[in-house]
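Colleague: I would like to go through the packing of this chain with you. Please put the model up before we start.

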Amino acid sequence: MEAEGRVLGPPLPAGGEGPGADSHLAAGALGTARGPLLAAAEVLALDDEEDDLEVFSKDTSLAEVNSFSPSVPISPSSINQYKFEDGPELRDLFITVDDPESHITAIETFITYRVVTKTTRGEFDSSEYEVRRRYQDFLWLKSKLEEAHPTLIIPPLPEKFIMKGMVERFSDEFIETRRKALHKFLNRIADHPTLTFNEDFKIFLTAQAWELSSHKKQGPGLLSRMGQTVRAVASSVRGAVKNRPEMFTEMNNYMETFSQKINLLDKIAHRIYKEERDYFNEMKEYAPIHTLWSASEEDIADSLTGIASCIDRCCKATEKRMAALSEHLPILHEYVLYSEILMFTFFFPLYIKGVLKRRDQIQGELDSKVDALAHKKTEKDLFSEEIGKLEDKVERANNALKADWDRWKQNMQWDMRSSFTNVAENNLRYYEECLATWESFLASQSVDLHVEEDSEDRP
């Protein structure tokens, strides 16, 4: 890896414009630090005033979200959850995922995590709970939330499998990355105005391992789940629904563009992080060479040790900057996973039901009944009653998705702005620190040169 042009520091993470874009930008100009940041924000179209983001009315209320799931209680605290950023003290459910433990059995090796919950809600029997959960338990919770709230945007889980060669499955780095993602997953649910009151979510937080295992067995069996999958595939094969509202087509078009851009940013950011890690490892070897050289070059020993000191300080600054960048990467990747959750997806032989696809499935049931009614004059009253129920179901699904889409988009814009701003601030601090280090060294060398010139001019 080339070190030329890199003395002042590495490039910024979101500056590429395509897979072939050069990730190594010129490192010497502090004035360019915010350029790639703003370019990335423009790529994601995060401007609040951008008309193409507003694909439905903002008048949809939270009550309409809950109307799709009548069993979910509506609490005054749900309003607090919706705007928890404005007042963290209003939150009434706090969840921490920590303390990973490795378990080795004759059959498998797995990791469990401690889940600590503190709450002031009346529906909980205690104010604090502590349970241990493994990844499979989180998968179960996600599937139950999707089943109960098919047109709400369920937060993503980290992938179960990792790319071979990237990181070891049970390495400390992998476990810590997964722990943070699981922590965010549960807190996203806790902060959601509807999902936070889901009964399975409560059981996940409070039940001991044997109780949770017993509760899981009460769910639908394998044949029932296979039947749901077959019906979903059959719905997809029938093709697009006939009367999909334009707003949902616009949502899907928006997500297609968003998915392309966020996947590209995620790819470039990971590539940059890998290159910075390689650069950091080279820097660690660079300073000692100057120190060793100074021992055999008495006349320039001060200059060599000074350079070694500057490189060492820049190396420490690079390490801090890498730590900050490592906090930025999971945010990008979370929204890569969100894009997969939201879009219409049919992936043979696996059927992946995105939120928009599940909404279409509900409307597809209505369309098929309307077609059947048109061809069957008999049983008209029976079909009319079923159509009325399906029309109500579609309306509730539409309202739930519209409200959750607005909430998700606001959170996404906040997360992106916050993350890119942090990247810019960390870059500025890094470049300023490295610049000050080298300027100090140059100033000391200038003083030494003047002293030597004065001594040579004296008779």
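Modeller: Accessible areas here come from the Shrake-Rupley method with a 1.4 Å probe. The model is a predicted one.

Colleague: What share of the accessible surface of the protein chain belongs to carbon and sulfur atoms?

Modeller: The accessible surface of the protein chain comes to about 25100 Å². The part of it that belongs to carbon and sulfur atoms is 55%.

Colleague: Which element gives the most residues to the largest nonpolar core?

Modeller: That core has 40 residues, and F258, Y335, W408 and M416 have the most contacts inside it. The elements giving two or more residues to this core are α9 (246-294), α10 (301-342) and α12 (380-457). With 15 residues, the one that gives the most is α10.

Colleague: Are the rings of F124 and Y129 stacked, edge-to-face or tilted?

Modeller: Planes under 30 degrees apart count as stacked and over 60 as edge-to-face, with the rest tilted. The ring centres of F124 and Y129 are 6.0 Å apart and the planes meet at 55°, so the pair is tilted.

Colleague: How many residues apart in sequence are the parts that the pair of Y254 and W405 ties together?

Modeller: Y254 and W405 form an edge-to-face pair, with 5.5 Å centre to centre and 85° between the planes. Both Y254 and W405 are buried. Y254 lies in helix α9 and W405 in helix α12, so the parts tied together are apart in sequence by 151 residues.

Colleague: Which residue lies over the face of Y430?

Modeller: A charge counts as over a ring only within 6 Å of the ring centre. At 5.9 Å from the ring centre of Y430, the residue over its face is R321.

Notes
Residues are numbered from 1 along each chain as its sequence is written. This is a predicted model: local features need pLDDT of at least 70, side-chain atom pairs count only at pLDDT 80 or more; totals for chains, interfaces and linings use all residues. Side-chain values use heavy atoms; hydrogens and water are left out. A nonpolar core is a set of buried Ala, Val, Leu, Ile, Met, Phe, Trp, Tyr and Cys residues joined through side-chain atoms within 4.5 Å. Buried means under 20% relative accessible area, exposed over 50%, partly exposed in between (1.4 Å probe, protein chains only). Helices (H or I, at least four residues) and strands (E, at least two) are DSSP runs, numbered from the N terminus. Rings of Phe, Tyr and Trp (its six-membered ring) pair if their centres lie within 6.5 Å; planes under 30 degrees apart count as stacked, over 60 as edge-to-face and the rest as tilted. A charge sits over a ring if NZ of Lys or CZ of Arg is within 6 Å of the ring centre and within 35 degrees of the ring normal.
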